[in-house]
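Please examine the sequence and the model shown here before reading on. The text is meant to be followed with both in view.

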Amino acid sequence: MEFSDKNIFEMFVENGSRPGFWLRRTTWGNSCAQVVSVGEFKGPPPYYGNPKVLADIFDLATGELKERSTKLPVPGTYKTWRQIDPPEWAE
């Protein structure tokens with residue numbers, strides 16, 4: 001299995017501590033997510049106290065919104081999350 005070199009919290013910091021970046025999870029089929037919020041950091045890196053991460057989930061091919069402001073599971077893991085470029089249909 002391929003591992004990411006960053007978890008979602010580290011991606012958030014790399015993005016200027018701003019939401020808005022795009023993700024895929026290796027276990028998702030044809031879905032992607034745009035991070036819409038990350039809770040307050042209350043601990044040291046790389047897990048920062050495991051704050052809540054919310055994202056909008058989309059169909060990767062069509063851009064159809066599947067779920068809004070969904071809590072992402074295990075955002076601190078390195079195994080399953082990959083940052084992606086915004087899909088072509090994204091505004």
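The paragraphs below go from the overall fold to the core and then to individual residues.

The coordinates come from a predicted model. In it, the protein has one helix and five strands.

The overall dimensions can be considered next. The C-alpha trace spans about 40 × 30 × 20 Å along the principal axes of the protein.

The surface and the interior may be described together. Of the 91 residues in the protein, 35% are buried. The accessible surface amounts to about 5400 Å², and carbon and sulfur atoms account for 49% of this area. As for charge, the protein carries 11 positive and 12 negative side chains, and the centres of these two sets are 7 Å apart.

Attention now turns to the interior. In soluble globular proteins, nonpolar side chains tend to be buried together. In this model, the largest nonpolar core consists of 15 residues, and Ile8, Phe21, Leu23, Val53 and Leu72 have the most contacts inside it. At least two residues of this core come from each of helix 1 (8-14), strand 2 (31-38) and strand 3 (53-59). Helix 1 provides the largest share, with four residues.

The peptide bond leading from Pro45 to Pro46 is cis, and its omega is near 5°. Pro46 belongs to the loop between strand 2 and strand 3. One is Ser69, with a phi of about 50°, which is located in strand 4 (residues 65-71). Ser69 counts as partly exposed because its relative accessibility is 40%. The other is Val74, whose phi is near 40°; Val74 is found in the loop between strand 4 and strand 5 (81-84).

Two threonines in loops complete the description. Thr62 is in the loop between strand 3 and strand 4. Is Thr62 buried or exposed? Its relative accessibility is 55%, and therefore Thr62 counts as exposed. Thr62 and Trp89 are separated by 27 residues in sequence, while their C-alpha atoms are 7.5 Å apart in space. Thr80, by contrast, is buried, since its relative accessible area is 10%, below the 20% limit for burial. Thr80 is placed in the loop between strand 4 and strand 5. Residues up to four places away in sequence aside, Thr80 touches Arg24, Arg25 and Thr26.

Definitions and conventions
Residues are numbered from 1 along each chain as its sequence is written. This is a predicted model: local features need pLDDT of at least 70, side-chain atom pairs count only at pLDDT 80 or more; totals for chains, interfaces and linings use all residues. Side-chain values use heavy atoms; hydrogens and water are left out. Buried means under 20% relative accessible area, exposed over 50%, partly exposed in between (1.4 Å probe, protein chains only). Accessible areas come from the Shrake-Rupley method with a 1.4 Å probe; for residues, only the protein chains shown count as cover. Lys and Arg count as positive and Asp and Glu as negative; His and the chain ends are not counted. The place of a charge is taken as NZ of Lys, CZ of Arg, CG of Asp or CD of Glu. A nonpolar core is a set of buried Ala, Val, Leu, Ile, Met, Phe, Trp, Tyr and Cys residues joined through side-chain atoms within 4.5 Å. Contact means heavy atoms within 4.5 Å.
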